[in-house]
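This report looks at charged side chains and their pairing. The sequence and the structure come first.

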Amino acid sequence: MTLAIPDNLAHWLPTAGLALIAVAAALVIYSLLIRLAVRVTRRRRVARRFIVDCARPAGALLALAILQSLLQGQHDGLAWLAGVRHISGLALILVFTWAAIAAVNAVGDLIVGLNPAIEGRHHIARKLETQTRFLTRGLIVLIAIIGLASALMTFPSIRQLGASLLASAGIGGLILGFAARPVLGNLLAGLQIALTQPFKIEDVLWIQGEWCWVEEVTTTYVVLRVWDLRRLVLPLQWFVDNPFENWSRHSSRLFGTVFLWVDYRTPVAELRAEYMRLLGADPRWDREPASLQVVDASDKAIQLRFLMSARDSMTLWYLRCDIREAMIDHIQREHPDSLPVYRALWTDARETGPTHPGREPESAGGSSPPA
């Protein structure tokens, strides 16, 4: 028994030596080709990144493919050949899965890199980026599941277990489908969002009373960056089941309003001229039509609406705040009597008659104060 192991090892020496030489030669040639490709694409950053991302898994896949082809060509009587073939085949499946995932990621980065968010094309770039991220992550999940299933099926015991459980697959599928309903729902919602594009990366949304940006989109949830740098995480299914506002779906330009309550004696025409002067001096205004209108009136005051627009939501927010402050300052400085006031009419109680039957009201004393 002690002599059998060295004999078996001796039978493996030619095969191992041939495999080592073949793999080393293939890796050397492959490394030279990768260096040449990187040098050729040194001025093309996106293509160079694609090559670098795929180089390592592709090299490992090449080495294992050569090794597996050499093992398949060996005589079946070689000791431990079946086990070595099984290990090599299992490693080849796992490395192929790794290489496929790396290639999908690299293709996604390539598409995003070839469509940068430059001036005039940022909406198209964000749309392509959102679709690409959704599809690449879905493909990665699918590839990982297929690769893991293929690796497990290389074990005969697992194949037999799968055949024995085939009869109960219907009930098990129903139970599994019910248990995984949230996960499957989010995956299908992600596919629907990727195709219909209700929002994109860096779109401005108004959700649940929060003003936020789409920061990250995964296969199951969306990360929203709130204006105060908090993060709001919502499942993808929420966006399918609930309404929300998208402030930058087709264009980031928005209209905004400022409302002020003023007295009836306010000179609206003079305020309108001052408002247009302030807008014209502010570079954040996008020179689109603006207006000042009286939109409401109560028994105490009138309400003015200042309509303005800006190129995006953040710029519009600061523009509205500054216009509100400037108009209030102008009214306080130039027309202090135009601020909202409460009017009251005081009368002598004796002029209005008794407040209770059979009882004279008390005298207010003196003359009534002016209104």
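Asp 312 is partly exposed because its relative accessible area is 24%, where buried means under 20%, exposed over 50% and partly exposed in between (1.4 Å probe, protein chains only). The model is predicted, so that local features need pLDDT of at least 70 and side-chain atom pairs count only at pLDDT 80 or more, while totals for chains, interfaces and linings use all residues. Residues are numbered from 1 along each chain as its sequence is written, and side-chain values use heavy atoms, without hydrogens and water.

The side chain of Asp 312 meets that of Arg 311 in a salt bridge, a term for a side-chain nitrogen of Lys or Arg within 4 Å of a carboxyl oxygen of Asp or Glu. How many salt bridges does this rule give? The count is 16, including the pairs below.

| Salt bridge | N to O distance |
|---|---|
| Asp 282 and Arg 284 | 3.0 Å |
| Arg 311 and Asp 312 | 3.7 Å |
| Glu 334 and Arg 333 | 3.4 Å |

Asp 282 is buried, at 10% relative accessibility, whereas Arg 284 is partly exposed at 25%. Glu 334 is partly exposed at 43%, and Arg 333 is partly exposed at 48%. A network of salt bridges links Glu 202, Glu 215, Arg 225 and Arg 231.

Arg 137 belongs to helix H4 (residues 122-152), helices being DSSP runs of H or I with at least four residues, numbered from the N terminus. Arg 137 is partly exposed, with 26% relative accessibility. Between Arg 137 and Val 217 there are 80 residues in sequence and 9.7 Å in space, C-alpha to C-alpha.

Key: Helix = DSSP H or I, 4+ residues; strand = E, 2+ residues; numbered from the N terminus.
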